[in-house]
Amino acid sequence: MSGTSGRKARPIRSPLRGFAGIAIATLVAAGCTQAQKDYLSYSASDRPLDASTRIARAMGQCWFAGDATFASYIYAPELNSYSGQPRILILPKNEPGGLPRLVVQAQEDGRGAEVKLFGPLLATEAAPRIRADIARWSAGSSACTA
């Protein structure tokens, strides 16, 4: 043996090694429990189908009857849902089979319906109006303006 005593070298253990593992696990767990919602939510006092029907009618009257903001879009109400979650899709006119730009979905929440709103239209100039209209229509109104 050339210069070794036959013992294997042991790695040096850092006292922080265990702490780092705990810290990483804590951060991962915190990230999982504090996930940010990727939708907006409104309450409706009626059933999901009734809320969705009212919202779809208001959209037709207020957004899709000549409003320039929504001129390049169509809407597709999917109210007869076997899942109990009727929804309304807003799609580009030139791409009716494509991905929706806005989804309004209602589901039972025990007191009525929770109306969820999500999609890339919520990141446009029209977002404040969309949020205000859906909030008003979810609350029971069918008026086009506040």
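**Sheet, helices and charged pairs**

Tutor: Let's start with strand 4 (residues 102-108) and strand 5 (residues 113-118), which run antiparallel and are joined by 6 bridges. Keep in mind that this is a predicted model: local features need pLDDT of at least 70 and side-chain atom pairs count only at pLDDT 80 or more, while totals for chains, interfaces and linings use all residues. Residues are numbered from 1 along each chain as its sequence is written, and side-chain values use heavy atoms, with hydrogens and water left out.

Student: Why do strand 4 and strand 5 count as a pair?

Tutor: Two strands pair if DSSP finds at least two bridges between them. Strand 4 and strand 5 have 6, so they pair. Take Val103: its bridge partner in strand 5 is Phe118. As for the names, helices (H or I, at least four residues) and strands (E, at least two) are DSSP runs numbered from the N terminus.

Student: What makes strand 1 and strand 2 the edge strands?

Tutor: The open sheet has 5 strands in the order 1-5-4-3-2, with antiparallel pairing. Strand 1 (40-44) and strand 2 each pair on one side only.

Student: Which strands does helix 2 touch?

Tutor: Helix 2 packs on the sheet and touches strand 1, strand 2, strand 3 (87-92), strand 4 and strand 5. Contact here means heavy atoms within 4.5 Å.

Student: Why is the link between Arg129 and Asp67 called a salt bridge?

Tutor: The rule asks for a side-chain nitrogen of Lys or Arg within 4 Å of a carboxyl oxygen of Asp or Glu. Arg129 and Asp67 meet at 2.6 Å, N to O, so the pair qualifies. Arg129 lies in helix 3 (residues 127-138) and Asp67 in the loop between helix 2 (48-62) and strand 2 (73-78), so this pair ties together parts that are 62 residues apart in sequence.

Student: How do you know whether Asp67 is buried or exposed?

Tutor: Buried means under 20% relative accessible area, exposed over 50%, and partly exposed in between (1.4 Å probe, protein chains only). Asp67 has 18%, so it is buried. Arg129, at 30%, is partly exposed.

Student: What makes Glu95 and Arg101 a salt bridge?

Tutor: Their closest N and O atoms are 3.8 Å apart, which is within the cut-off, so the pair counts. Glu95 is partly exposed at 38%, and Arg101 is partly exposed at 25%.

Student: How many salt bridges are there by this rule?

Tutor: The count comes to 8.

Note on methods. Axes fitted to C-alpha atoms, helices over the stretch in contact; angles between N-to-C directions.
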